[in-house]
Amino acid sequence: MSAENFSPALLERLPSEVRRPAYDRAALKPGMAHIGVGAFHRCHQAEYTDDLLAKDFGRWGLVGINIRPPLLDDTLGKQDGLYTRLIRQDDEVEARIIGSIARVVDSQDNAAPALEVLASSDIEMVTMTVTEKGYCHIPSNGALDLDHPDIVHDLANPETPRSVPGILARALELRMATHRRPVTLLSCDNIPTNGIILGNVVRTFAERRGRRLADWIEANVAFPSAMVDRIAPATTEADIDTVEQRFGYRDGAVVVGERFRQWVIEDRFAGRVPRWDRVGATFVDDVTPFEHLKMRVLNGAQTTLSYLGVLGGFEHTFETIADPRLARFVRRMLTEETLPTLMPVSGIAPAAYIEQSLSRLTNTAIRHRNHQIATDGSQKIVQRLLNPIRDRLAKGESITLLSVPVAGWMAYLIKASARFGRAWQVSDPFADKIAAIADRIGSDSKALVDAILAIDAIFDPSLAANATFRAHVVAGLDGLLWGDPMGFVRQVCAGPTDARLKQPARSA
Ligand code: CS2
């Protein structure tokens, strides 16, 4: 017989090792909203908010909104917003019920339910995890992509928007027309200068709606940047089974994360602010150094391991990094090439941060699929790989190692094309474009690289034109696409450690 499903009524009967919300949930009032209630949000911002409510109960209940699948009503909704958050480190499991989500709203088919919440005078903070592509910006320059089909739709139908910029602009327009209360829109996605990008796309959209709205936004809305961190892969059936086996109930909304967590937020708000800084978050004047550190080191390592891992036949990050060739490669890449591009961060020694990041990736209980991390690489490689490459090229420093995962990303998408045997299923806004390139060109690495680097939404034209970069990526693609990719990685790693520019080992 299957175990009882989780419900608020079960709260009183949970095993004692499962921690419960330490505040009166019945008194919870919505004060902020979150768009994109996926595993990451439930493991990160919702947990910080739960900590805050326990420490200093206030008006900060969360309304969780999804504007894309999955439906929330089926899982979180049925459980009154409550769910189990597991922290896992190898064999250790620590369970806690998070209570900060007061209500969930499904707005996948129609923006009206989301708009009602976002425009409400109760809501003074809107956080979001809508994935990199949710901002509808051009990755290489951060501008709103006015040719994006959802943006085209929303500019023509501003009252029934589909895109994040369109929904936010409409919500702000409704706020301006009604109570006029200020609001902070806080991006929690891994895009560089995420507050600036969010501000850009919302303002550009609003300007097309009229000067009045644009001016109101200027005076009443803040877009702080933030660095968020905790590894929390998509929940699997196995995670749901783990809760059942260990704690005796079934929770369809369970999330699993690692112990490490970090949240650094730019101290630039409009209206009242949940004092997450009282429960471990940090408010700072400038997030940039933290953001570089996290995206280039931790995310850079994850992305590198995901592409090289798939090419090498590995399923998850922890299995990939257990391969000595890949572990050595990624450590050398981060230490020799990425580290010198980082800005000083007070209190954090970069070399120690690299070691800590690599060690987080070895956690065998965090089953993060390489294909999950590889998803939407076109939206990730700029901040994780291309920006450090640009910084190094500007100083005449070598990019031998950092170019390999760029070629890895290309090989990953090329091998998904019909001409290359559809090795695996991929999900990336540029997948079709790259498959078409692969189908047209076939096996000529140099021609493949030329065609892919010409996609200026991903590759800034000056980087794409750089002869050293091109040569290294061609050599990387040669090595990863044909023959033995792991042998190639080992060979690159066996090469000289000299930091100055060198011609690639196998330049085409
Ligand atoms: C991952 C991130 O899927 C991905 O792109 O690299 O979700 C990563 O796990 C988080 O940024 C960690 O904070």
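Which residues of the largest nonpolar core touch the most other members? Select Leu386, Trp409, Met410, Ile414, Phe459 and Phe469: of the 95 residues in this core, these touch the most other members. A nonpolar core here is a set of buried Ala, Val, Leu, Ile, Met, Phe, Trp, Tyr and Cys residues joined through side-chain atoms within 4.5 Å, and buried means under 20% relative accessible area (1.4 Å probe, protein chains only).

Before going on, a word on what is on screen. This is a predicted model, in which local features need pLDDT of at least 70 and side-chain atom pairs count only at pLDDT 80 or more, while totals for chains, interfaces and linings use all residues. Residues are numbered from 1 along each chain as its sequence is written, and side-chain values use heavy atoms, with hydrogens and water left out.

**Stop 1: the two domains**

Colour domain 1 (4–284) and domain 2 (288–502) separately; such bounds come from an automatic or database domain assignment. Their C-alpha centres lie 29 Å apart. At the boundary, 27 residues of domain 1 are in contact (heavy atoms within 4.5 Å) with 33 residues of domain 2.

**Stop 2: back to the core**

Return to the core of 95 residues. Helix α9 (residues 288–312) is its biggest contributor, with 10 residues; helices (H or I, at least four residues) and strands (E, at least two) are DSSP runs, numbered from the N terminus. Both domain 1 and domain 2 give residues to this core, so it lies between them.

Now centre on Phe459. Beyond its neighbours within four places in sequence, Phe459 is in contact with Ser140, Ile381, Leu386, Val406, Trp409, Met410, Ile452, Leu453, Ala464 and Phe469. For the second, separate core, of 40 residues, pick Val63, Tyr135, Ile167 and Ala206, which are among its members.

**Stop 3: the ligand**

Next, draw distances from ligand oxygen atoms to polar side-chain atoms: 2.7 Å for Gln302, 2.8 Å for Lys380 and 3.1 Å for Asn299. Taken alone, the ligand exposes 340 Å², of which the protein buries 88%.

**Last stop: Gln379**

Finish on helix α14 with Gln379. Gln379 counts as buried, at 6% relative accessibility. Leaving aside neighbours within four places in sequence, Gln379 is in contact with Glu132, Lys133, Pro139, Pro429 and Phe430.

Terms used
Buried means under 20% relative accessible area, exposed over 50%, partly exposed in between (1.4 Å probe, protein chains only). A polar contact is a pair of N or O atoms within 3.5 Å; within protein, one must be able to donate a hydrogen and the other to accept it, and residues adjacent in sequence count only if both atoms are side-chain atoms. Accessible areas come from the Shrake-Rupley method with a 1.4 Å probe; for residues, only the protein chains shown count as cover.
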